[in-house]
Amino acid sequence: MLSLGWLKPLQASACPDAALSQMTNHRVTAGETLEGVAAQYGLRPATLAAINPQLPAQGALPTGGVVEVPPFNGVPVQVGAGQTWQSLAERHGTRADLLFEVNGCPDTLPSRVFIPAGNRGGTMAAETTPSAVALGYPLPVPAKLVLSYGWQPHPRRDELVFNSGIAFSATPGTVVTSAADGTVAFVGEHNGALIVVVNHSNGLQTRYGNLADVEFTVGDAVTQGTGLGTVAGESQDSFMYFEVRTNSSEGWIARDPGQYLSELELQQ
């Protein structure tokens, strides 16, 4: 039986800290206004007003007071009974997977979440996928897919979970190659599994998990087809984990690898 138990820790490590845990406390100096503080942090005044309802939206702020400042525009909301990531996304005009990752990829839906917003107006409009560029296949030949991208039923709990990547069935020792030219951004272990992250041009990033024999370090340049390492494992029944992400003001957002790999065979 193929074991993908390490993928959940890897998925969590790929997420930023929850937006609500990244708040900065700004100490108000004489004469500062909410609009002025927002400008210092590149945010909209409406964002700070929503997070700090006790402060005056117009005029000078109380000297010595504290303004809570989020890492990007958005609003905190209370989660009602029976709500899901999908229902929250539909209500606020955004993507469920984006909400999930912005809030730190928690095991269960928190009672209070942060809804990201655009820089010019209310809640972020449903984000469209950037024009996909063709990536090289990360294995020597197309392989069976044993984990699919996106929202899927949890194997043990009565809920949906988000898979930010895919996993291919692969024999240990199989060479894993870079999907495009780029620069190694991270090499390290998560729960005993080695991953490599490569940054490419145009704000694109790929991630490769469950590797062995990696000799690259951060900053090394790679070209498409460069061998990054080999598939790890002690039996013939192993796998290679793969993600595609694009950069945004909310961090590295997971994308469907099927839009970038023309050879991808969607097999269960």
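Predicted model: local features only at pLDDT ≥ 70, side-chain atom pairs only at ≥ 80, totals over all residues.
Trainee: What share of the contacts with a separation of 6 or more comes from residues 24 or more positions apart?
Mentor: Contact here means heavy atoms within 4.5 Å. Among contacts in the protein chain with a separation of 6 or more, the share from residues 24 or more positions apart is 67%.

Trainee: Which residues touch the most other members of the largest nonpolar core?
Mentor: Good one to look at on screen. That core has 28 residues, and the elements giving two or more residues to it are strand 8, strand 11, strand 12, strand 14 and strand 15. The residues that touch the most other members are Leu135, Leu139, Phe168, Tyr208, Met240 and Phe242.

Trainee: Leaving aside neighbours within four places in sequence, which residues is Leu139 in contact with?
Mentor: Leu139 is itself among the residues that touch the most other members of the largest core. With those sequence neighbours left aside, its contacts are Phe168, Ala170, Thr174, Val175, Val176, Thr177, Val231 and Met240.

Trainee: Why does the pair of Trp85 and Phe100 count as edge-to-face?
Mentor: The structure holds four aromatic pairs, and the ring centres of Trp85 and Phe100 are 5.8 Å apart. Planes over 60 degrees apart count as edge-to-face. The planes of Trp85 and Phe100 stand at 85°, so the pair is edge-to-face.

Trainee: How many residues apart in sequence are the parts that this pair ties together?
Mentor: Trp85 is buried at 8% relative accessibility, and Phe100 is buried at 7%. Trp85 is also included in a second, separate core of 13 residues. Because Trp85 lies in helix 4 and Phe100 in helix 5, the pair ties together parts whose separation in sequence is 15 residues.

Trainee: Is Asn210 buried or exposed?
Mentor: Asn210 sits in strand 12 and has a positive phi of about 65° although it is not a glycine. Buried means under 20% relative accessible area. With 10% relative accessibility, Asn210 therefore counts as buried.

Trainee: And Asp213: buried or exposed?
Mentor: Asp213 lies in the loop between strand 12 and strand 13. Asp213 has a positive phi of about 60°, although it is not a glycine. Its relative accessible area is 58%, so Asp213 is exposed.

How values were computed:
Residues numbered from 1 in each chain as written. Heavy atoms only, no water. Phe/Tyr/Trp six-rings, centres within 6.5 Å; stacked < 30°, edge-to-face > 60°. Helix = DSSP H or I, 4+ residues; strand = E, 2+ residues; numbered from the N terminus. Buried < 20%, exposed > 50% of the residue type's maximum accessible area, 1.4 Å probe, protein only. Core = buried A, V, L, I, M, F, W, Y, C linked by side-chain atoms within 4.5 Å.
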